[in-house]
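Try each task on the structure first, then read its solution.

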Protein chains: 2
Amino acid sequence: MAPMDRPVLPLGSPPIGAPPTERADAVRNRKHLLATAREMLAEQCGSDGLTMDGLAERAGLGKGTVFRRFGTRAGIFQALLEDDERDFQEQVLAGPAPLGPGAPAMDRLIAYGEARIAFMIRNRDIARATLDGRQPIPAGTESPLSRTHIRMLLGQLQLDGADLEMLAIQLTAALDGPMLLYLSSSDLTEPTGIEDRIGQAWQDLIRRLCGA
Amino acid sequence: MAPMDRPVLPLGSPPIGAPPTERADAVRNRKHLLATAREMLAEQCGSDGLTMDGLAERAGLGKGTVFRRFGTRAGIFQALLEDDERDFQEQVLAGPAPLGPGAPAMDRLIAYGEARIAFMIRNRDIARATLDGRQPIPAGTESPLSRTHIRMLLGQLQLDGADLEMLAIQLTAALDGPMLLYLSSSDLTEPTGIEDRIGQAWQDLIRRLCGA
DNA sequence: ACGATAAACGGACTTTACCCCGATTAACAT
DNA sequence: ATGTTAATCGGGGTAAAGTCCGTTTATCGT
């Protein structure tokens with residue numbers, strides 16, 4: 001018999017705990033499902049109308065596969081949003097200042113807020129569909145990026161005596177909350193320049209926070 | 001034939017547009033349903049386990065009635081939360097300072113935040129269950145009180161040049177967001193004194209905003 | 001009191017999210 | 001190449017949300 005203590009993990013991929021690699025067909029199926037989901041969203045204009053059965057059938061796969069990949073209906077939208085966040089994230093980590101590195105922390109914070117607001121308005125339907133009242137918490141997906149990035153920038157400001165972790169959570173909520181919870185979809189669609197208004201308010205909030 | 005231009009509205013009750021009065025049996029049934037819902041929540045410890053069929057059966061009513069009264073599953077939790085908010089609201093409007101009137105606006109704002117945080121932690125299960133990703137927006141229920149009250153207090157502060165409506169929305173989000181979206185239920189249950197920590201962060205946030 | 005009317009009731013029906021488990025197939029070592 | 005293993009695939013099954021419409025009942029004018 002072969003020894004049982006040889007390393008099973010292929011040395012790569014996500015940390016520990018998650019299955020080391022994802023089988024090739026699984027990867028292929030996930031991409032295919034996400035692409036199909038986007039098609040359906042584009043055609044039917046609205047996150048309703050995207051049903052699990054419908055998605056499975058259109059993708060030519062079994063219903064079980066869809067659920068194993070995404071766990072829940074909200075999970076699909078979380079995956080879609082995560083996907084859209086990828087290049088956004090790259091702009092933040094390595095793009096031009098002030099969104100990217102190189103500018104003073106406060107300027108980056110303001111720039112990040114404005115970019116995030118635009119992103120959330122653009123993707124408001126998908127973002128709202130990630131919410132699921134019966135699931136414990138939207139978990140990872142919901143702005144681990146926002147929270148982490150804001151936390152980092154706060155650390156570079158001179159805010160003595162503040163609980164930076166908690167402040168980061170509050171600011172993340174102040175950033176996403178309006179689009180996620182408090183402004184109706186029609187508010188966000190109106191040509192009133194609501195985006196600029198929210199952005200302006202964010203800038204004002206940050207400036208006051210910094211005592212400037 | 002009787003003249004058709006006599007007033008049909010019984011001169012009272014909500015503004016215009018809504019049916020003037022609610023029939024007696026409708027009122028009775030709503031109260032009964034809410035009470036039954038509370039019983040079920042208390043017994044089964046958790047907002048799951050409260051099903052529309054189950055509620056209807058236990059209340060001895062038809063399913064159609066439940067849906068006409070509350071529209072949706074989330075609607076039940078919104079009604080429950082609204083109900084719980086009633087006495088909270090009274091403390092705010094007419095209770096002792098600094099939560100009630102009589103204290104400086106900043107003190108009231110801080111006191112309101114702390115009270116609201118405690119309230120949201122106490123009712124976190126119900127509050128989260130009011131969220132429904134497929135519905136346009138949690139609508140009225142979701143903190144018209146918070147937003148309005150915060151807006152009012154902001155008006156009493158000397159924040160020149162701020163968009164007070166939008167700032168009120170952002171602060172409402174900063175207040176409810178942590179419990180609603182970003183802290184897991186286990187975080188909120190831990191005996192770590194998380195409540196004080198969030199409250200402290202809120203106080204700090206408000207003080208910085210006011211430049212103090 | 002009583003009849004007309006509009007609202008509320010009730011439960012069967014449809015749709016959809018989510019579960020389960022036997023069949024299938026990729027990944028890897030020999 | 002090929003056998004072994006473990007994960008994936010697939011689709012039928014369950015339960016719960018939400019809809020519909022015929023029936024019942026409260027309300028109000030006479």
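**Exercise 1. Describe the fold of chain A: how many helices and strands does chain A have?**

Step 1: Chain A has 10 helices and zero strands; helices (H or I, at least four residues) and strands (E, at least two) are DSSP runs, numbered from the N terminus.
Step 2: Along the sequence, this reads α-α-α-α-α-α-α-α-α-α.
Step 3: Of its 212 residues, 32% count as buried, that is, with 20 or more other C-beta atoms within 10 Å of their own, the C-beta atoms being placed from the backbone.

A note before going on: this is a predicted model, in which local features need pLDDT of at least 70 and side-chain atom pairs count only at pLDDT 80 or more, while totals for chains, interfaces and linings use all residues. Residues are numbered from 1 along each chain as its sequence is written, and chains are lettered from A and ligands numbered from 1 in the order in which they are written.

**Exercise 2. Which helix of chain B gives the most residues to the side that touches chain A?**

Step 1: The contact takes 37 residues from chain B and 37 residues from chain A; two residues are in contact if their C-beta atoms, placed from the backbone, lie within 7 Å.
Step 2: On the chain B side, helix 6 (124-129), helix 8 (164-182) and helix 10 (194-209) each supply at least two residues.
Step 3: Helix 8 of chain B gives the most, with 11 residues.

**Exercise 3. Which residues come nearest to DNA strand C?**

Step 1: Count a residue as near if its C-beta atom, placed from the backbone, lies within 6 Å of the strand.
Step 2: Of the 26 residues around DNA strand C, the nearest are A24(A), T51(A), G64(A), G62(B) and G64(B).
Step 3: Helix 3 of chain B provides the largest share of this surface, four residues.

Key. Buried ≥ 20, exposed ≤ 12 C-beta atoms within 10 Å, placed from the backbone.
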